[in-house]
Amino acid sequence: MSSSWIYLILIAAALLAIARVIMTILRVRKQAAHNDWDSQLVKNLRAAGGNAFTSYEVDFFFTMPNEAACGSLRGTLEPEGFAVDSRISTGEAATGYSLHASKPLRVNVAQMQEYSQRFRALAEQFGGYYDGWVTDPSRAA
């Protein structure tokens, strides 16, 4: 094997390694952006008068591709105490189904980041998207 082939193989391996590092960095940044969003929502709740010792009705939102995916997600969430409803998405560019799950929770940054991370994975598992959560201090459970 000539030395030029060895150099080509080494260059290809280096490019592959660089691509993997870049993909990892992008994935970590995306996760950090989601975590920042959760912490900002908790911060906003606190600024509006919410406290860490009160349970609030928290709404979680998902976009699912079909009724079967909604049923699968519902079957996962309801045994955990979530109230779940779903409907066909409407609107000009809407497709699929919208699923709403709610549960009284004490809202803190770490817990909401855990829920968001878990729900992103669950939504992907069933072919959908996790759209986030919301609550406000007037909805104390």
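Residues are numbered from 1 along each chain as its sequence is written, and side-chain values use heavy atoms, with hydrogens and water left out. Because the model is predicted, local features need pLDDT of at least 70 and side-chain atom pairs count only at pLDDT 80 or more, whereas totals for chains, interfaces and linings use all residues.

The secondary structure comprises three helices and four strands, taken as DSSP runs numbered from the N terminus (helices: H or I, at least four residues; strands: E, at least two). Along the sequence these elements follow the pattern α-β-α-β-β-α-β. The radius of gyration is 21 Å, well over the 14 Å that the globule rule gives for 141 residues, so the protein is more spread out than a compact globule; the radius is taken over C-alpha atoms, and the rule is 2.2 Å times the number of residues to the power 0.38. Along the principal axes, the C-alpha atoms fill a box of roughly 75 × 35 × 30 Å. Of the contacts (heavy atoms within 4.5 Å) with a separation of 6 or more, 72% are between residues 24 or more positions apart.

The four strands form an open sheet in the order β2-β3-β1-β4, with antiparallel pairing; two strands pair if DSSP finds at least two bridges between them. Strands β2 (83-88) and β4 (129-134) lie at the edges, each pairing on one side only. On average, neighbouring strands are turned by 20 degrees against each other, direction ignored. Strands β1 (residues 55-64) and β3 (residues 97-106) run antiparallel and are joined by ten bridges; Tyr 56 has Leu 105 in β3 as its bridge partner. Helix α2 (residues 67-77) packs on the sheet and touches β1, β2 and β3, its direction making about 10 degrees with that of β3. Axes are lines fitted to C-alpha atoms, for helices over the stretch in contact, and angles run from 0 to 180 degrees between N-to-C directions.

Of the 141 residues, 28% count as buried, meaning under 20% relative accessible area with a 1.4 Å probe, protein chains only. Beyond four places in sequence, the residues touched by Phe 62 include Leu 73, Leu 77, Leu 99, Phe 119 and Tyr 130.

How values were computed
Buried means under 20% relative accessible area, exposed over 50%, partly exposed in between (1.4 Å probe, protein chains only).
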